[in-house]
Amino acid sequence: MFVKMQITEMKRKNNMNGVGYHGRISNIPAYDVGISRYWEGDEYMVVITGKIRESCAMAEDLELHRTITTSLGRKSFQIEDIVSNEGCRPQVLMLLLHINF
């Protein structure tokens, strides 16, 4: 199982505010979700994309754009995350990933 991560600063999360250990982002559904399948030479590629926004009035407005890429028969995959600050103020960023098998 691949778990989404907390992306906001830890000092605000230290008191947890009822959001759990993975922050609010772990409970926010993705949008602009898509899947692409295509041939690249002899490999059949599968690419899954989606976005998640974690925002709060008068606080952060961060958007995570995730791309997961693999090919048919491959025993591995690649994850690319791009976090954008869509707010008007700089934000401290903490990015934590973990995978449970």
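Q: Among contacts between residues at least 6 apart in sequence, what share joins residues at least 24 apart in the protein chain?
A: This is a predicted model, with residues numbered from 1 along each chain as its sequence is written. Local features need pLDDT of at least 70, side-chain atom pairs need 80 or more, totals for chains, interfaces and linings use all residues, and side-chain values use heavy atoms without hydrogens or water. A contact means heavy atoms within 4.5 Å. For the pairs in question, the share that joins residues at least 24 apart is 41%.

Q: What percentage of the 101 residues in the protein chain is buried?
A: Buried means under 20% relative accessible area, exposed means over 50%, and partly exposed is in between (1.4 Å probe, protein chains only). Applied to the 101 residues of the protein chain, this gives a buried part of 24%.

Q: Is Ser-71 buried or exposed?
A: Ser-71 sits in strand β4. Beyond its neighbours within four places in sequence, it touches Glu-43, Tyr-44, Met-45 and Val-46. Its relative accessible area is 5%, so Ser-71 is buried.

Q: How many salt bridges does a search of the whole structure find?
A: Side chains of opposite charge can pair when their charged atoms come close. A salt bridge is a side-chain nitrogen of Lys or Arg within 4 Å of a carboxyl oxygen of Asp or Glu. Across the whole structure, the search gives a count of five.

Q: How many residues apart in sequence are the parts that Glu-43 and Arg-74 tie together?
A: Glu-43 and Arg-74 form a salt bridge, with their closest N and O atoms 2.8 Å apart. Glu-43 lies in strand β3, while Arg-74 lies in the loop between β4 and β5, so the pair ties together parts separated in sequence. Glu-43 is partly exposed at 33% relative accessibility, and Arg-74 is partly exposed at 37%. The separation in sequence is 31 residues.

Q: Which residue is linked with Arg-53 and Asp-61 in a network of salt bridges?
A: Start with the pair. The side chains of Arg-53 and Asp-61 meet in a salt bridge, at 2.9 Å from N to O. Arg-53 is partly exposed, with 30% relative accessibility. The network also links Glu-63.

Q: Asp-81 forms a salt bridge with Arg-66, so what is the relative accessible area of Arg-66?
A: The closest N and O atoms of Asp-81 and Arg-66 are 2.7 Å apart. Asp-81 is partly exposed at 22%. Arg-66 is buried, with a relative accessible area of 10%.

Q: How far apart in space are Glu-80 and Arg-66, C-alpha to C-alpha?
A: Glu-80 belongs to strand β5, residues 78-85, and is partly exposed at 42% relative accessibility. Leaving aside neighbours within four places in sequence, Glu-80 is in contact with His-65, Arg-66 and Thr-67. Glu-80 and Arg-66 are 14 residues apart in sequence, and in space their C-alpha atoms are separated by 5.8 Å.

Note on methods: Helix = DSSP H or I, 4+ residues; strand = E, 2+ residues; numbered from the N terminus.
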